[in-house]
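Student: I've just opened a structure I have never seen before. Could you show me how to read it, feature by feature?

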Amino acid sequence: ADRRACKQMLINLLSNAVKFTPSGGCVTASLRRERDRIVLAVTDTGVGVPETDLPKLGNPFFQANSSYSRAHEGTGLGLSVVRGLVGLHQGTMTIESQMGEGTRVTVSLPLDCRSGVPHGAAIPVQTSARLHVLQAREKGVKKIA
């Protein structure tokens, strides 16, 4: 993997998480190996993204339409850059978010990035709404912040 590209992915994901998490919230980053892949996840307890905007995340210049996000500066390129760099590494990207609950972005990269899809191929971004904290507790799911 390209060291600078991986560093840029982490910087962009952490920057977004911090930007959209109010004071007193929590931002966490984790890195783990799963078989032949490295999985990076950045999770926040911030404002979240409306479900209608989830499929558009990762598109260049797109910013989720909420009054809170408009109060923050930015070009809407952070997730798009991450998406492009993940594609160059033949990886996958998943975004889970819920308004008022926060967002989790997971990037999975193969340990051997030299094979797979052609370099520069666009990757689809998988998106889904996160479970509400109460729903998760009822189902026995622990909230990881």
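Tutor: Let's go through the sheet, the helices and a few single residues.

Tutor: First, some ground rules: this is a predicted model, where local features need pLDDT of at least 70, side-chain atom pairs count only at pLDDT 80 or more, and totals for chains, interfaces and linings use all residues. Residues are numbered from 1 along each chain as its sequence is written, and side-chain values use heavy atoms, with hydrogens and water left out.

Student: Good. How do I read a sheet, and in what order do the strands stand here?

Tutor: Start with the names: helices (H or I, at least four residues) and strands (E, at least two) are DSSP runs, numbered from the N terminus. Two strands pair if DSSP finds at least two bridges between them. Here 5 strands make an open sheet with mixed pairing, in the order E1-E2-E4-E3-E5. Strand E1 (27-34) and E5 are at the edges with a single partner strand each, so one side of each has no neighbour in the sheet. From one strand to the next, the twist averages 15 degrees; angles like this run from 0 to 180 degrees between N-to-C directions, and axes are lines fitted to C-alpha atoms, for helices over the stretch in contact.

Student: Which strands does E3 pair with, and in what sense?

Tutor: On one side, strand E3 (residues 92-98) pairs with strand E4 (residues 102-110) in the antiparallel sense, over 7 bridges. E3 also runs parallel to strand E5 (residues 125-129), joined by 5 bridges. Ile95 shows both pairings: Val105 stands opposite it in E4, and Thr127 stands opposite Ile95 in E5. Thr94 faces Thr106 in E4.

Student: How do I tell whether a strand is covered, and is E4 buried or exposed?

Tutor: In a regular strand the side chains alternate between the two faces of the sheet. Buried means under 20% relative accessible area, exposed over 50%, and partly exposed in between (1.4 Å probe, protein chains only). E4 is mostly covered, with 9 of its 9 residues buried. Both of its faces are covered: Gly102, Arg104, Thr106, Ser108 and Pro110 are buried on one side, and Thr103, Val105, Val107 and Leu109 on the other.

Student: How should I describe two helices that pack together?

Tutor: Two packed helices are described by the angle between their axes and the distance between the axes. In this model, the axes of helix H1 (residues 3-19) and helix H3 (78-88) come within 9 Å and cross at roughly 150 degrees. H1 and H3 are therefore roughly antiparallel to each other (angles under 35 degrees count as roughly parallel, over 145 as roughly antiparallel, 65 to 115 as roughly perpendicular and the rest as oblique). The crossing of H1 past H3 is left-handed, a label used if the near helix is turned anticlockwise from the far one by less than a right angle, with right-handed used if clockwise.

Student: Which residues other than glycine have a positive phi?

Tutor: Arg35 is one of them, with phi near 55 degrees, and Gln90 is another, also near 55 degrees. Arg35 is in the loop between E1 and E2, and it counts as exposed because its relative accessibility is 77%. Gln90 is in the loop between H3 and E3, but Gln90 is buried because its relative accessible area is 9%. A polar atom of the Gln90 side chain lies 3.2 Å from the backbone oxygen of Leu88.

Student: How far apart are Leu54 and Ser128 in sequence and in space?

Tutor: They are 74 residues apart in sequence, and 7.1 Å apart in space, C-alpha to C-alpha. Leu54 is in the loop between E2 and helix H2 (67-70), and counts as buried because its relative accessible area is 2%.

Student: Last one: how many disulfides are there?

Tutor: A disulfide is a pair of cysteine sulfur atoms within 2.5 Å, and by this rule the count is 0. Cys6 counts as partly exposed, at 26% relative accessibility, and Cys26 is partly exposed too, at 29%.

Methods: Polar contact = N/O pair within 3.5 Å; in protein donor to acceptor, adjacent residues only side chain to side chain.
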